[in-house]
Amino acid sequence: MRRVKYVQRVSQVRDPARRYWFDVLVAVLAIVAMLEVVLGFGSPGAPRTTLWFCVPAIAILVLPVFARRRFPFAGPAVYWLLAAGISVVDPLLIPYANALFPIGMADAFLLGNLRDIRQAVLGLAVVVGGAMTIVYNIPGHAASELVFVPLEFAISGVAGFAVRERAVQAEAAESRATQAERERDTAARIAVAEERTRIARELHDIVAHAVSVMVLQVGAVRHKLPAALSENREALMGVEQAGRAALTEMRHLLDAMREDGERAELGPQPGLDRLDALLQDIGGAGLPVRLHVDGGPLELPRGIDISAYRIVQEGLTNALRHAHATQAEVGLRYASDQLRIEVSDNGHGAAGSDDRGHGLIGIHERVKLYGGEMTTAITNGGGFTLTARLPLSEYWS
């Protein structure tokens, strides 16, 4: 508890100090400038006017600097206009108070650092004009001073402009990164939605087939029942009608999920029985694939079978399109409680395009649907390995 209170007290001190450190510095320099004038009054090179003018003039001179947050251009610009005006009344006051020099440099930096480039250029002109006016009013000034003194303040303004440009570039880069991250998130959400729709269509085919078989079997049993069992026949008629109604609603649902102009898939969804044809297609496209099967092929549930095929298909497609691989391997390991799938290649690892990431998102959705696990890894040689585990225990229990 004491530590928390200590951290809170430190934060309460840090925040104002971080916000007002420049104001404090300007105030200290202004006080130092006043002391310089007061202590050196009457000495050679000292201001000609009275202290009643010099001290209030310095105070009034720095006041606009404190208003820079509310008036980022007017505050620093008025400082130089006042300085030029004071030099007309007393040409030696500004040059004599050496503590005003760093304030002027900081003020020029602030004007150059303005976000509006037009204000920054105008501010630089005000700085150079004010500095030249102050030097010009000094009795006996050298011609070189009219060049080099304003040049010093101009360099400070240009430094502020350079820092501003760098800050603008950093903000633009951050904005682009944020926009790219938003686009990636949006693309990922779209990829998830598309994959879920695809999975839903596949499951529709599976469920529709099962319901169709049940409806046909119920109809066959109903027709074989004798007339004496009319109540049972009516009950089976209700089951048959409910099944047909369910099939109709499922077709409507599938139509709702289908995009405009998209045709219905008339062929059956591919499973691992079509894996050899897939490997041949991928090999014909330029990526030789070796298949390793561990354990006897099992009669998998239809949803698992389709998802296993899609996982292998997506993994090989990624290796072919995005990893620029020259060799790939597919491993299937059958066990009583799970099916383990491994797709590996010798390509460029995970440093591919976003499309590869979207494909992995789709695979993850399939694996998650069946309570499985998915892992990815970069091999020592630079290849990429995708591993998925689909549990089977709930289907065999």
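**View 1. Antiparallel pairing of strands S2 and S3 in the predicted model.** Strand S2 (residues 328–334) and strand S3 (residues 338–345) run antiparallel and are joined by seven bridges. Tyr 334 has Leu 339 of S3 as its bridge partner. Helix H10 (residues 302–321) packs on the sheet, where H10 touches S1, S2, S3 and strand S5 (384–391). The direction of H10 makes about 10 degrees with that of S3.

**View 2. The open sheet of five strands.** The strand order is S1-S2-S3-S5-S4, and the pairing is mixed. Strand S1 (289–294) and strand S4 (373–378) stand at the edges; each has a single partner strand, so one side of each is left without a neighbour in the sheet. On average, neighbouring strands of this sheet are turned by 10 degrees against each other, direction ignored.

**View 3. Helix H9 on strands S1 and S2.** Helix H9 (residues 275–284) lies across S1 and S2. H9 runs at about 155 degrees to S1.

**View 4. The contact between helices H2 and H3.** The axes of helix H2 (residues 51–66) and helix H3 (residues 74–89) cross at roughly 160 degrees and come within 6 Å. Angles over 145 degrees count as roughly antiparallel, so H2 is roughly antiparallel to H3. Their crossing is right-handed. H2 contributes Phe 53, Ala 57, Ile 60, Leu 61, Val 62, Pro 64 and Val 65 to the contact. From H3 come Gly 75, Val 78, Tyr 79, Leu 82, Ala 83, Ile 86 and Val 89. By class, 13 residues of this contact are nonpolar, one is polar and none is charged.

Note on methods: Residues numbered from 1 in each chain as written. Predicted model: local features only at pLDDT ≥ 70, side-chain atom pairs only at ≥ 80, totals over all residues. Heavy atoms only, no water. Pairing = 2+ DSSP bridges. Helix = DSSP H or I, 4+ residues; strand = E, 2+ residues; numbered from the N terminus. Axes fitted to C-alpha atoms, helices over the stretch in contact; angles between N-to-C directions. Contact = heavy atoms within 4.5 Å. Parallel < 35°, antiparallel > 145°, perpendicular 65-115°, else oblique. Left-handed = near helix turned anticlockwise from the far one by under 90°. Nonpolar A, V, L, I, M, F, W, Y, C, P; charged D, E, K, R; others polar.
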